[in-house]
Amino acid sequence: WKPDRGSCAQCAKVCQCYCAALCHVTPERKVVAATYWVSPPLYRKDSARLIPRIVHQTWFEPVSQKAYPNMSRLIQSWKTSGWEYVFYDDDAAGRFLEEHF
């Protein structure tokens, strides 16, 4: 067996202690138990993306600049780099779960 991206000689340069064993092991064949097909959502803001750029965050209380300065900067960076940011405190998380599940 040889790795997809090179030969045993290339592998030996990187992982000397494992190459002798790994290059001579034949992995057992795996059975595919299920095949999944992913369909894009019917409605989305960016039609080129399969996964939307949305960050969902939960925390027991609102995140403020004073209480959580590092997290506040991170949240702001998401918002300014094109990501939608949705925050849920405990009450909002409960309402979301009641509405959607």
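This is a predicted model: local features need pLDDT of at least 70, side-chain atom pairs count only at pLDDT 80 or more; totals for chains, interfaces and linings use all residues.
Q: Where does valine 38 lie?
A: Residues are numbered from 1 along each chain as its sequence is written, and side-chain values use heavy atoms, leaving out hydrogens and water. Elements are DSSP runs numbered from the N terminus: helices are H or I with at least four residues, strands are E with at least two. On that basis, valine 38 sits in the loop between helix 2 and strand 1.

Q: In what order do the elements of the protein run?
A: The protein has 4 helices and 2 strands. Reading from the N terminus on, the order is α-α-β-α-β-α.

Q: Is valine 38 buried or exposed?
A: The cut-offs are relative accessible areas: under 20% is buried, over 50% is exposed, and in between is partly exposed (1.4 Å probe, protein chains only). Because its relative accessible area is 63%, valine 38 counts as exposed.

Q: How far apart are valine 38 and leucine 50 in space?
A: Leucine 50 is also in the loop between helix 2 and strand 1, and it is partly exposed at 42%. The two residues are 12 apart in sequence, and C-alpha to C-alpha the separation is 8.8 Å.

Q: What accessible area do Val38, Leu50 and Ile51 have together?
A: Patches take residues with over 30% relative accessible area and no salt bridge, joining like charges within 9 Å and nonpolar side chains (Val, Leu, Ile, Met, Phe, Trp, Tyr) within 5 Å. A salt bridge would be a side-chain nitrogen of Lys or Arg within 4 Å of a carboxyl oxygen of Asp or Glu. Areas come from Shrake-Rupley with a 1.4 Å probe, and for residues only the protein chains shown count as cover. The three residues make a nonpolar surface patch of about 310 Å².

Q: Which residue's side chain makes a polar contact with the side chain of glutamine 57?
A: Glutamine 57 lies in strand 1 and is buried, since its relative accessible area is 12%. Its contacts (heavy atoms within 4.5 Å), setting aside neighbours within four places, include Val63, Met71 and Phe87. A polar contact is a pair of N or O atoms within 3.5 Å; within protein, one must be able to donate a hydrogen and the other to accept it, and sequence-adjacent residues count only if both atoms are side-chain atoms. At 2.2 Å, the partner is tyrosine 85.

Q: Which residue's backbone oxygen lies 2.8 Å from a polar atom of the side chain of serine 72?
A: Serine 72 belongs to helix 3 and counts as buried because its relative accessibility is 13%. Beyond neighbours within four places, serine 72 touches Val63, Ser64 and Gln65. The backbone oxygen at 2.8 Å comes from tyrosine 68.
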